[in-house]
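Subject: Handing over the structure

Hello,

I am passing this structure on to you, together with some notes to read beside it.

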Amino acid sequence: MKLSILLLVILMTASCQIKQLTAEHTLISSSKNINVGDWQISSSDYAFNTAAWSIRKYSLHGGLQEGVEIIEIDNGEMLIKVIPTRGMNVMSVESKDVTLGWDSPVQEIVNPRNVNLNYNGGLGWLDSFNEWMVRCGIEYSGHPGDYNGRLMTLHGRIAHIPASEVKVFIDPLPPHQITVSGLIQEKWFKGANFEIETSLCTVPGSKTLKFHDKITNKASHEKEFQILYHANFAKELLEKGSELHGTIKSVQPFNDFALKTIDKYHVYDAPGSVEPGGEKVYQIIPFADKEGKAHFILENAQKNKAVAFSYDIDTLPYFTQWKNEDSLENGYVTGLEPGNSFPANRSHERKQGRIPKIKGGETIEYHLEYTILSTQNAIQKAKEKISKLNAGKEVKVDKNPEH
Amino acid sequence: MKLSILLLVILMTASCQIKQLTAEHTLISSSKNINVGDWQISSSDYAFNTAAWSIRKYSLHGGLQEGVEIIEIDNGEMLIKVIPTRGMNVMSVESKDVTLGWDSPVQEIVNPRNVNLNYNGGLGWLDSFNEWMVRCGIEYSGHPGDYNGRLMTLHGRIAHIPASEVKVFIDPLPPHQITVSGLIQEKWFKGANFEIETSLCTVPGSKTLKFHDKITNKASHEKEFQILYHANFAKELLEKGSELHGTIKSVQPFNDFALKTIDKYHVYDAPGSVEPGGEKVYQIIPFADKEGKAHFILENAQKNKAVAFSYDIDTLPYFTQWKNEDSLENGYVTGLEPGNSFPANRSHERKQGRIPKIKGGETIEYHLEYTILSTQNAIQKAKEKISKLNAGKEVKVDKNPEH
Amino acid sequence: MKLSILLLVILMTASCQIKQLTAEHTLISSSKNINVGDWQISSSDYAFNTAAWSIRKYSLHGGLQEGVEIIEIDNGEMLIKVIPTRGMNVMSVESKDVTLGWDSPVQEIVNPRNVNLNYNGGLGWLDSFNEWMVRCGIEYSGHPGDYNGRLMTLHGRIAHIPASEVKVFIDPLPPHQITVSGLIQEKWFKGANFEIETSLCTVPGSKTLKFHDKITNKASHEKEFQILYHANFAKELLEKGSELHGTIKSVQPFNDFALKTIDKYHVYDAPGSVEPGGEKVYQIIPFADKEGKAHFILENAQKNKAVAFSYDIDTLPYFTQWKNEDSLENGYVTGLEPGNSFPANRSHERKQGRIPKIKGGETIEYHLEYTILSTQNAIQKAKEKISKLNAGKEVKVDKNPEH
């Protein structure tokens with residue numbers, strides 16, 4: 001008995017690890033033909049000693065969001081809105097002081113059935129772009145472009161595929177981690193045959209959430225694939241003087257426009273400081289700590305609100321910084337985007353040797369962790385960690401725009 | 001007290017004006033996450049002295065119309081079918097003697113989720129074209145065409161966007177006007193950022209309905225935009241010998257085919273008098289009365305059934321007459337279409353100086369009014385009004401097709 | 001009385017013939033605004049002396065299949081899954097020993113609202129390709145291609161149009177045949193104006209099902225049209241050594257790849273015996289028996305499991321054999337496809353004189369019949385029938401690939 005508990009604790013150290021004993025709730029299942037509809041549980045349903053938490057599933061109404069389903073996790077400190085209808089994307093993470101998310105001109109959480117990725121020359125993805133965390137991929141990602149008569153649309157299809165299997169797990173062992181998992185299938189006959197099993201987990205009362213995703217190529221043969229975690233920040237974190245810190249090896253401007261301000265790539269300007277449509281993109285190569293993780297912090301100007309995040313660099317070697325310092329009305333936002341390629345079209349990325357392959361039957365895993373920091377102390381500590389990793393190193397600035 | 005009532009009466013003179021005191025019912029709201037589902041009210045719910053009226057909301061089933069919502073207003077004289085799911089378009093207005101509407105080959109009221117505007121080279125809009133009143137626009141309208149690698153599809157997107165906020169208002173003051181309003185959002189990140197607040201109003205027992213729309217550019221910068229009120233008539237009004245009268249300054253054929261019969265542009269031929277697909281389009285410039293309104297009448301051959309309509313010309317300076325004298329099976333119909341441009345592709349209209357701009361944050365208003373006439377007397381009177389306005393004027397016929 | 005019964009019996013001999021006296025259940029109707037939702041009947045609701053049978057209608061949940069409706073007919077020997085949401089296609093026919101159907105990489109029964117036929121250069125149809133029986137057409141079918149700026153997408157639109165009118169009929173006279181009918185409308189203003197009234201019928205306790213379809217051109221003028229019955233087999237029937245027998249006049253390879261193995265076109269290889277994506281297509285011209293029917297059998301290697309099918313050849317003169325001997329993961333399958341053309345793009349088929357026309361108002365009928373055979377005896381008998389028809393004839397092998 002003791003041994004098995006020990007084993008469980010060991011298993012638990014990996015992020016979002018699900019154990020056999022864990023209480024499991026199936027909310028959606030296409031294999032079992034289940035959709036529970038409106039649903040909720042809370043800490044009062046369990047005899048665990050944790051901060052009060054609750055999870056509920058409900059549907060959206062009106063306009064283009066009619067029929068979208070939301071899973072809202074209140075862990076006592078953060079309110080996390082997961083969207084199973086949109087590939088388990090996360091709309092926002094709200095805490096008392098800091099929100100992960102932004103204000104897009106698109107306000108409704110758009111039902112994928114209303115989105116045509118082919119619109120506007122393959123920019124249809126922008127019709128529904130307003131989430132904090134949008135996964136891009138898997139057959140392709142990046143800017144739209146033609147490939148043998150096929151239009152590879154902006155950032156691929158995974159964000160617009162409703163999850164097939166959605167489960168909630170409550171860990172019976174302290175700290176009673178909450179996990180929401182969703183399986184998304186990106187498949188077409190003679191084409192993509194990918195499954196991505198996403199997990200998002202958080203401990204009651206904490207300001208940390210983790211993603212643990214597994215991409216599997218279900219085809220019998222090797223395929224190219226792309227994955228980009230398009231995480232978008234504004235709200236309390238983005239303003240004139242906000243700053244990005246990270247374990248950065250090198251930075252390169254995407255184009256001439258980005259080159260102009262490359263010396264200040266890590267510092268943000270006020271809303272509306274660029275022309276409408278103007279955006280600066282930087283291609284960053286991070287380095288990892290001993291555990292294989294890259295570390296980043298985005299802090300506000302006052303340095304009292306921040307988000308810190310880290311992730312496994314081996315499967316996500318490229319980091320795109322997208323600075324969209326447009327007006328508030330047009331969507332002031334920065335994307336901080338770990339990926340297995342940069343966001344140019346697949347054909348370009350392939351030429352640069354940045355499109356990896358996945359064997360038939362192979363599974364590749366992804367680990368990312370985000371923590372909200374709302375005190376100067378906490379931010380200072382987190383920055384010191386990055387400073388130590390950066391000690392003796394210098395960011396290599398490549399002043400040749402790739403495009 | 002007296003003063004405030006006076007003020008209300010003054011406010012009421014503007015079409016579809018909503019007053020604070022008005023009883024308001026929210027039927028759909030994406031901001032409040034509301035959809036009331038099946039719903040109804042009627043004059044028996046109020047102590048007002050009016051013709052008996054009722055309003056009900058219900059859903060459609062079967063085929064491509066599954067899930068479409070309808071708001072049906074019976075004002076005692078007219079049955080008006082508004083389609084919130086399709087941008088507050090109006091399917092038909094039925095009275096005892098005259099119907100505003102037509103018989104398209106497409107019979108179901110097609111759910112936009114089943115429509116791909118990109119189909120058939122950007123003609124997908126025709127997959128669901130069967131309403132009496134279809135709004136076209138707002139980012140673009142007109143015939144399909146390429147614009148910098150983007151396909152501008154036929155007549156734009158606004159007709160295929162479900163309304164976000166839908167309300168019904170019953171005026172507590174005589175004549176107890178009924179108003180149905182709907183907010184439609186045409187938005188995409190880095191692209192369109194338009195809202196159109198539509199209102200349709202009618203007085204119980206009347207044969208008049210009014211539209212009062214407000215288009216707002218929610219972006220921070222100026223944009224081009226287009227709006228076309230694609231109103232389509234057949235049923236009891238269109239036949240061999242039907243005639244269009246109006247305060248017309250000039251008329252020009254769209255193409256050589258329309259040129260052939262330009263001398264009879266205002267008179268209609270029998271169903272099937274053109275080859276399948278044949279259609280005649282005339283570009284008309286109307287003039288306005290002292291109140292800024294253009295006036296038109298479409299009457300049947302016997303001159304005992306007609307529709308009269310008028311609208312503010314300053315924001316809708318162009319009027320397209322579309323004569324589709326095809327067989328009944330193929331959709332015998334005429335479109336009488338006030339717009340802020342003609343229906344060629346945006347690039348062409350731009351060259352002709354017919355694409356207006358709207359500033360960031362600006363709102364532009366539209367007023368249109370339609371009255372069903374079912375006696376020779378009423379029609380005679382309405383035509384006299386137009387005759388007086390036309391006195392001493394002559395329609396300038398430009399015999400050079402623009403295309 | 002006797003006479004009318006006699007008349008009924010005579011009418012009944014035609015496949016899926018519906019008689020006035022037949023008990024009729026309306027499940028879906030857009031003209032009457034009906035969708036009964038979950039529904040079922042069974043033999044216990046009738047006092048008939050038949051094998052126990054049941055029919056139920058239910059909805060699918062999860063992923064891309066959310067909202068799809070299924071009509072499941074259990075006739076006592078076969079479980080037939082009809083999909084009204086997908087043009088009355090048939091997902092599978094399951095009996096004790098033999099299943100008509102296959103395992104596509106696409107596992108969910110995809111809701112057409114989630115399918116964009118324009119994706120991947122007009123290959124969007126492959127996003128949901130997994131049914132046993134998929135109708136292709138009606139405005140066009142075959143491989144994607146441009147036609148005057150319009151993209152004719154793979155295999156047309158009819159498989160992705162939800163049925164408008166769906167009824168179930170139980171014949172009051174022995175053998176109490178069960179019929180499920182569905183009307184599908186493929187219509188767009190100035191374009192297609194087709195209706196297809198499909199009927200599927202089966203007798204309780206039998207292993208035979210029949211299709212009786214009627215295509216009507218509702219336009220007032222003549223149109224080209226295409227129809228292909230894309231029936232797909234794998235499961236217990238397809239393996240190394242499976243064989244196709246038929247009343248075959250001639251066979252021609254589609255391309256050079258198919259030419260290589262043309263001498264064995266009728267014999268199947270093991271899963272994965274071709275490279276991923278490799279497929280062999282043969283263009284077959286069948287001949288008919290005295291009743292105008294072509295006959296085919298697909299049998300497994302052991303020759304103890306088979307499907308026999310026959311159909312009226314006058315309206316379906318071409319037969320496509322599609323051998324997709326890819327891996328099981330990638331979708332090992334053969335399509336045996338009666339059609340009124342071969343599966344190249346419409347423009348090519350037109351040049352070959354293989355695109356028929358249908359007059360305005362004309363109706364054309366289609367009859368197909370499938371029987372599951374699960375004993376060596378039954379298979380032997382069925383093959384003898386074909387052998388007799390083939391006696392003295394030889395298959396003409398044309399070794400010039402058409403493409």
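Below is what was found in it, going from the arrangement of the chains down to single residues.

Please keep in mind throughout that this is a predicted model.

**How the chains are arranged**

Chain A can be superposed on chain B by a rotation of 120°, with 0.0 Å of shift along the axis and an RMSD of 0.0 Å. In chain A, the residue that comes closest to this rotation axis is R113(A), whose C-alpha is at 3.3 Å. The copies use different surfaces here, as 8% of the contact residues of chain A recur in chain B.

**Where chain A meets chain B**

How many residues of each chain are in contact at this interface? On the chain A side there are 37, and they touch 31 residues of chain B. The size of an interface is often given as the accessible area lost when the parts come together. For chain A and chain B, that buried area is about 2500 Å², with 50% of it on carbon and sulfur atoms. Within chain A, the residues that lose the most area to chain B are H61(A), Y119(A) and N120(A), which together make up 23% of what that side buries.

Polar contacts are part of the picture as well. Between chain A and chain B, 17 residue pairs are in polar contact, counting pairs with both residues at pLDDT 80 or more. On the side of chain A that touches chain B, the elements giving two or more residues are β4 (54–59), α2 (119–122) and β23 (318–324) of chain A. Of these, α2(A) gives the most, with three residues. By type, the residues on that side of chain A divide into 13 nonpolar, 18 polar and six charged.

There are also two salt bridges between chain A and chain B.

**Salt bridges within the chains**

Over all chains, a search of the whole structure finds 66 salt bridges. Here are a few to look up.

In chain A, the side chains of K57(A) and E69(A) form a salt bridge, at 2.9 Å from N to O. K57(A) sits in strand β4 and E69(A) in strand β5 (residues 69–74) of chain A, so to speak linking distant parts of the chain that are 12 residues apart. Both K57(A) and E69(A) are buried.

In chain B, K167(B) and E24(B) meet through their side chains in a salt bridge of 3.3 Å, N to O. Because K167(B) lies in strand β12 (residues 165–170) and E24(B) in strand β1 (residues 23–29) of chain B, the pair ties together parts that are 143 residues apart in sequence. K167(B) is partly exposed, with a relative accessible area of 22%, and E24(B) is partly exposed too, at 44%.

In chain C, a salt bridge joins the side chains of E72(C) and R56(C), at 3.5 Å from N to O. E72(C) is in strand β5 (residues 69–74) and R56(C) in strand β4 (residues 54–59) of chain C, so this pair ties together parts 16 residues apart in sequence. E72(C) counts as buried at 11% relative accessibility, whereas R56(C) counts as partly exposed at 35%.

Back in chain A, a network of salt bridges links E243(A), E299(A), K303(A) and K383(A).

**One histidine to look at**

Is H367(A) buried or exposed? With a relative accessible area of 17%, H367(A) is buried, because it falls under the 20% limit. H367(A) belongs to strand β26 (residues 363–373) of chain A. Its side chain makes a polar contact of 3.5 Å with the side chain of H212(A). Setting aside neighbours within four places in sequence, H367(A) has contacts that include S15(A), F211(A), K293(A) and D312(A).

Enjoy exploring it!

Methods:
Residues are numbered from 1 along each chain as its sequence is written. Chains are lettered from A and ligands numbered from 1 in the order in which they are written. This is a predicted model: local features need pLDDT of at least 70, side-chain atom pairs count only at pLDDT 80 or more; totals for chains, interfaces and linings use all residues. Side-chain values use heavy atoms; hydrogens and water are left out. Contact means heavy atoms within 4.5 Å. Buried area is the accessible area (1.4 Å probe) that two parts lose on being put together, summed over both. A salt bridge is a side-chain nitrogen of Lys or Arg within 4 Å of a carboxyl oxygen of Asp or Glu. A polar contact is a pair of N or O atoms within 3.5 Å; within protein, one must be able to donate a hydrogen and the other to accept it, and residues adjacent in sequence count only if both atoms are side-chain atoms. Helices (H or I, at least four residues) and strands (E, at least two) are DSSP runs, numbered from the N terminus. Ala, Val, Leu, Ile, Met, Phe, Trp, Tyr, Cys and Pro count as nonpolar, Asp, Glu, Lys and Arg as charged, and the others, Gly among them, as polar. Buried means under 20% relative accessible area, exposed over 50%, partly exposed in between (1.4 Å probe, protein chains only). Copies are superposed by least squares on the C-alpha atoms of residues with pLDDT of at least 70 in both.
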